[in-house]
Amino acid sequence: MRKEASSLILLTPSQMLEVDKEAAKTIPIIQLMENAGWAVTQEVVKRYKPCSVLVLCGPGNNGGDGYVVARLLAKKGWPVRVAAIGRPKVGSDAEQAAHRWAGSIVEHPEDYIEKSGLVIDALFGAGLSRNIDSYISELLRKARRVVAIDTPSGIDGATGKVMGYAPHAELTVTFFRAKPGHYLLPGREYMGELVIKDIAISPVILSQIKPQCWLNEPGLWSIPTSEVEDYKYRRGIVSIIGGSVMTGAARLSAHAALNVGAGLVHIFALGSHDIYSSSSACFVIDKDSLETSLQDSRRKVWVCGPGLLLGEAKEILSKLIASNVKIIADAGVFQAENIEMLKGVSIITPHIGEFIRVFGEIKADKISAARVAAQQTGAVVVLKGADTIIASPDGRVAINQHASPRLATAGSGDTLTGVIATLLAAGMSEWESACAGVWLHGEAGLLCEHSWPTAEMLANNLGKARDNA
Ligand SMILES: NC(=O)C1=CN([C@@H]2O[C@H](COP(=O)(O)OP(=O)(O)OC[C@H]3O[C@@H](n4cnc5c(N)ncnc54)[C@H](O)[C@@H]3O)[C@@H](O)[C@H]2O)[C@H](O)CC1
Ligand SMILES: [K+]
């Protein structure tokens, strides 16, 4: 089912704390905590048979949620033990929740953790501020089956980084909206099943927070559908520069563009035309000079990079930029540490190695790095990986988890470039084309799950992928 863009919003932990503060103006935090604990309890009883439970409660509100879960599970007759790892502050909402827990508190959770059927991790959530210490990590290491409240303790909700240690949960229940760390690697690998629960916070608050990050799913964008009055120029023309030596890449881009619905695909071949003209009767191979080809005002979208040598990429890219066409730059253009060269490009699609080559080592985290690169170049940045990030110069970011490791095959990137170019040529914005292209590419890979697809097989699934979006 197509989701609303609002439900795809991802909030950083600090934005979530702002939401909490705002929500608390109408609903007391203790009530939100009761709602959160109730939501977690519901998800636990749905999935597990009654068993011995150990709830590890931290000092903050994440711990507060844990005390609520302990009380509600005990009320249902489950054998529950609670360990307080750090006491809640006097007068805090978490302290109030702790007071409502009438059962005992175990002093040495290490004596019970291995024997517990289920461990509820309510140590730290949005308030994680430093690395997990060795006592807690040694304790968590002993847990067999973990349900995490908000996030497995130790995962940075903003970046998905592991702060010292984090347990691998079977189930993670978060509230209101997910956080980037739920989907970014390595965090994503620690979540188990991720459930996002409504705890009666009004989505109206989101307009005050001004979120800038989304999960990349249909609903964030929409792809033009085919219309009765469609004709090839309306569907869009994609022009691709074909390398003189490495000819496969441009052909794969072209093949993908046609398969995902481009009206027409031109290849401007830098070397011999033969290999290009013999590979598909559907490709139009340019006979004119680049200058003449660029004068055709219908040809607004150009792909530059797949299969190009650095010299070729540099020379052609500057000509394309001077012509004010929309450019998707890939592969060959990322061989030099040259940010200047990319100014005037619409979309760049580097994988992590190429990104580092051009923009330098990632110092903070991938989201910030991609945002800075987008601002520096003025281009939408598609930082490719198992958790592809799409960053716009205006600060918007989408995280894509809709993909398959089977996409990691030669030519897969060239295919993506062809897809994004087609959507751009169909009239979508740079940001939407990049987001939708990444999703379609992932969907094509998921449609091949039964096999080990080649880039050509991926491309063959693109039409179906487009229909599924
Ligand atoms: N999102 C909602 O609407 C609601 C969320 N709730 C839950 O509240 C937590 C966030 O609570 P907060 O008190 O801000 O933070 P934490 O409980 O995660 O932790 C803060 C606490 O922990 C200490 N601390 C931080 N890192 C460490 C560390 N590595 N080692 C030791 N101690 C650490 C810090 O100093 C504080 O004392 C959110 O995740 C939800 O689960 C509410 O229930 C309301 C609704
Ligand atoms: K937690």
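1. Is asparagine 62 buried or exposed? Asparagine 62 is buried, because 25 other C-beta atoms lie within 10 Å; a residue counts as buried if 20 or more other C-beta atoms, placed from the backbone, lie within 10 Å of its own, as exposed if 12 or fewer do, and as partly exposed in between.

2. The model is predicted: local features need pLDDT of at least 70, side-chain atom pairs count only at pLDDT 80 or more, and totals for chains, interfaces and linings use all residues. Residues are numbered from 1 along each chain as its sequence is written, while chains are lettered from A and ligands numbered from 1 in the order in which they are written.

3. Asparagine 62 belongs to helix α3. Helices (H or I, at least four residues) and strands (E, at least two) are DSSP runs, numbered from the N terminus. Beyond its neighbours within four places in sequence, asparagine 62 is in contact with residues including Phe124, Gly127 and Asp150; contact requires C-beta atoms, placed from the backbone, to lie within 7 Å.

4. The unreviewed UniProt entry annotates Asn62, Asp121 and Ser153 as "binding site". These positions are spread over 92 residues of sequence, yet they cluster in space, with a largest C-alpha distance of 9.6 Å. Such annotations may be inferred rather than shown by experiment, and UniProt positions are given in the numbering used here, with feature names shortened.

5. Aspartate 121 is found in strand β3 (residues 118–122). Aspartate 121 is also buried, with 28 other C-beta atoms within 10 Å. Leaving aside its neighbours within four places in sequence, its contacts include Leu56, Ile149 and Ser153.

6. Ligand 1 is surrounded by 31 residues, the closest being Gly60, Asn61, Asn62, Gly125 and Gly127; a residue is near a molecule if its C-beta atom, placed from the backbone, lies within 6 Å of it. Helices α1 (13–23), α2 (29–47) and α3 (61–75) each give two or more residues to this shell. The largest share, five residues, comes from α3.

7. An open sheet of 10 strands has the order β7-β16-β15-β14-β13-β12-β11-β8-β9-β10, with mixed pairing. Because β7 (213–215) and β10 (283–285) stand at the edges with a single partner strand each, one side of each is left without a neighbour in the sheet. Strands pair if DSSP finds at least two bridges between them. Three bridges join β7 to the parallel strand β16 (residues 397–399), where alanine 398 is the bridge partner of tryptophan 214.

Key:
Two residues are in contact if their C-beta atoms, placed from the backbone, lie within 7 Å.
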